[in-house]
Structure formats: C-alpha cells, structure tokens
Amino acid sequence: MVATAVGFIPGPRLDDGAPPAPESAVTQPAPRASAAPAKEARPGDDTELGNDVSWPQCSGGLPDDPAFAIVGVNNGLANTTNPCLHQQLEWAEGAGGAEDTDGGTGQPRVALYVNTANPGLRGSWWPTNNEYGGNVVANPYGDCQGKEDAACAYMYGYAKAFDDAYLRTIAEPETYLWWLDVETGNSWSGDRNANRADLEGMTDFFHSIGASVGIYSSARQWGQIVGEVGPASSLYALPSWLAGASTAAQARHMCSADPLTAGGAVVLTQFVAGRFDYDHPCL
C-alpha cells in the first residue's frame, strides 16, 4: 500500500509515481537564475530570518539578504538533482555575511535539505541486498531480499542519502546539516515501521560520514508517515524544523510546539511570505 496525498511543504512537490530520472543520474546545473525584477521586502520580524530555496526558484530571483540559507538538493523526487543546485549554493554562501558561521541565529549559515520517499517496487530502483556504494551495510532490520519490508526500506534510505552526498556533486558533504524533507506529497508505504526504517537508513548514512541531520515536516504529516519514534531509533534525538505557519507571528509561536520526535527539539519554523519561504530560528 502506498499513500500519495498532495503535500504542501516547502514549495511545489511532485509525486514519486511520476517518471523519475535514473537513480544514478546527476542533472547538470542550469544557467544562473535571473535576478528578480524588483527587490522584495523581507517580512518584519525581531529575529533574523533565513530562507530555503530549491528547484521551484530556478526560473526566478532569489531572496535578498538571508541571515542563513537552506538549499534543496533534489528536483522534487528523492532520486533527482536540483538543476540549479550550484547556483543556489553560491547564493547561499553569501548568507549572514562571509565571516559569520551561523548568521547570528544559532543556525548553520548554509544547510541542505533532501526529498525523501519509500516507493517500494513502484520506484525505478529498489534494493535487493545489503550492499551499496561498494560496501556491505550493517542493516539493523536484517537482510534485504528485494521485498517491500523494513530491511529493504532501510537500504533504500541509505542509498538515497549516499547518492545525495556523492552523486549530486556536493563538495565536502560531511560539513553540512542535512534536513530530511518528510511529506505526504512523495510516495510512502502504508507500513510506518518501514517508513521509519527508510529515514533511519538516511540518517545513519549521513551520521557515518560525520554530517548532522534534522527532520523537516509538520506534525500531521509526520504522524501519518512515521508516527511515534522510540529512544532506540536514530531519529529520536534529531532536531525539528516545523512547517505550516502562514505568518511570521505564527512561526514564532510554533517554536513552542512539540518536536516531531520526543527526544528532539524545535529549532526552526517556516512560513511563506510573497514568493519565498522564510525560516524563523527558535533561539
């Protein structure tokens, strides 16, 4: 069973049932996005705001003067590459001032986010063993044998994270905070245990290279896809970036909401204003 409801975060999203690029494909960067026709005023706030951008912003301007920036690595699906990834990373390097490592917000000056999914046999590729990237992976769910179960879901997540780090031409992937974008707009199993295993596979890979990991979702979508996470899970203590606010005031208020996992904390909230997504740090 695969759930494919339409998601809303952050920006337009495609369902994983759409024809994807080959699993190993790396899309070449598109020409630099054109400048915005007019500078868009940033929302009034007593906190320095960041912005997140990805493939929907490839054909237009980018936000001015973010305190920090989060760049989407994929092109809407977990097995694709944002066609203007490197142009947006270049823009992000100017966030918060070149000498400021966190924009004065407690957030990394530049972070990344990746699309996630658990499509099972509907996907263009599904693992059949515990090997990927030339290594045998220590799989906490046992041997993957090509079935739509937790063991293979773990390997799928591990493989997508490996691809994000090494096939999307990210320099020094271990130095970034990688946010896992978890939403119902992409394809998921009806088995929440398998979905949790998938995200654990991604998390465990990123941790294995020394990178930091966080979870981006809303409480409703997280509950539908993953549900409650216990202390033994590698997801348990991850920080939360919460979506769903429509104003800066709502985003500030959401900082006091429950984190997506009981062992984590809400460190960032998101709202939309004008043409862009804005991110409020929960200091």
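This is a predicted model: local features need pLDDT of at least 70, side-chain atom pairs count only at pLDDT 80 or more; totals for chains, interfaces and linings use all residues.
Biologist: How many helices and strands does the protein have?
Modeller: Helices (H or I, at least four residues) and strands (E, at least two) are DSSP runs, numbered from the N terminus. On that basis the count is 5 helices and 12 strands.

Biologist: What share of the 283 residues is buried?
Modeller: Buried means under 20% relative accessible area, exposed over 50%, and partly exposed in between, using a 1.4 Å probe and protein chains only. Among the 283 residues, the buried share is 53%.

Biologist: Which kind of aromatic pair do Tyr158 and Phe205 make?
Modeller: Rings of Phe, Tyr and Trp (its six-membered ring) pair if their centres lie within 6.5 Å; planes under 30 degrees apart are stacked, over 60 edge-to-face, the rest tilted. The structure holds 15 such pairs. For Tyr158 and Phe205 the centres are 5.3 Å apart and the planes sit at 80°, so the pair is edge-to-face.

Biologist: How many residues apart in sequence are the parts that this pair ties together?
Modeller: Tyr158 is buried at 11% relative accessible area, and Phe205 is buried at 3%. Tyr158 belongs to helix α2 (residues 150–166) and Phe205 to helix α3 (residues 192–208), so the parts they tie together are separated in sequence by 47 residues.

Biologist: Over which ring does the charged end of Lys160 sit?
Modeller: A charge sits over a ring if NZ of Lys or CZ of Arg is within 6 Å of the ring centre and within 35 degrees of the ring normal. The charged end of Lys160 is 5.5 Å from the ring centre in question. That ring is part of one aromatic cluster, whose members include Trp125, Tyr158, Phe205 and Tyr156. The ring under Lys160 is that of Tyr156.

Biologist: How far apart are the end C-alpha atoms of α2?
Modeller: The expected span of a helix is 1.5 Å times one less than its number of residues. For the 17 residues of α2 that should give 24 Å, and the model agrees, with its end C-alpha atoms apart by 24 Å.

Biologist: Which residue in β10 is the bridge partner of Tyr216?
Modeller: Two strands pair if DSSP finds at least two bridges between them. Strand β9 (residues 212–217) and β10 run parallel, joined by 3 bridges. The partner of Tyr216 in β10 is Trp241.

Biologist: Which hand does the unit of β10, α5 and β11 have?
Modeller: β10 and strand β11 (residues 266–273) pair in the parallel sense over 4 bridges. A crossover is right-handed if, with the strands pointing away from the viewer, the path from the first strand over the helix to the second runs clockwise. With helix α5 (residues 248–254), the β-α-β unit is right-handed.

Note on methods
Residues are numbered from 1 along each chain as its sequence is written. Side-chain values use heavy atoms; hydrogens and water are left out.
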